[in-house]
Amino acid sequence: MNINPTKVEILLAERNMNKAALAKACGISRQNLSTLLRRGSCEPRTAGKLAAGLGIPVSELIKEP
């Protein structure tokens, strides 16, 4: 699943969070979070965890074609 890393960075800034705090809120490792943001893709289940950690629907994370 392709996600928009820029959107995640914007949401982090709006929430005054760092990646370590987001990783903890999502229940994933900081390394995994960094990898998926660098790659711009992840498994659907991980996208769900990421969206839940940010408090948004998954659809807001999906990269537009």
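Begin by selecting Val8, Leu22, Leu33, Leu36, Leu50, Leu54 and Leu61: these residues have the most contacts inside the largest nonpolar core, a set of 18 residues. Next, colour helix 1 (5-14), helix 2 (19-26), helix 3 (30-39) and helix 4 (44-54), each of which supplies at least two residues of this core. Helix 4 provides the largest share, four residues. The model on display is predicted. In soluble globular proteins, nonpolar side chains tend to be buried together.

Keep Leu50 selected and display its surroundings. Leaving aside residues up to four places away in sequence, Leu50 touches Ile3, Val8, Leu22, Cys26, Leu33, Leu36 and Leu61.

Now return to the cartoon of the whole chain. The chain holds four helices and zero strands, and from the N terminus on its elements follow the order α-α-α-α.

Zoom out to judge the overall dimensions. The C-alpha trace spans about 30 × 20 × 20 Å along its principal axes. The radius of gyration is 10 Å, which agrees with a compact globule, because a chain of 65 residues in that form would have a value near 11 Å.

Buried residues account for 35% of the 65 residues.

Terms used. Residues are numbered from 1 along each chain as its sequence is written. This is a predicted model: local features need pLDDT of at least 70, side-chain atom pairs count only at pLDDT 80 or more; totals for chains, interfaces and linings use all residues. Side-chain values use heavy atoms; hydrogens and water are left out. The radius of gyration is taken over C-alpha atoms; the globule rule is 2.2 Å times the number of residues to the power 0.38. Buried means under 20% relative accessible area, exposed over 50%, partly exposed in between (1.4 Å probe, protein chains only). A nonpolar core is a set of buried Ala, Val, Leu, Ile, Met, Phe, Trp, Tyr and Cys residues joined through side-chain atoms within 4.5 Å. Contact means heavy atoms within 4.5 Å.
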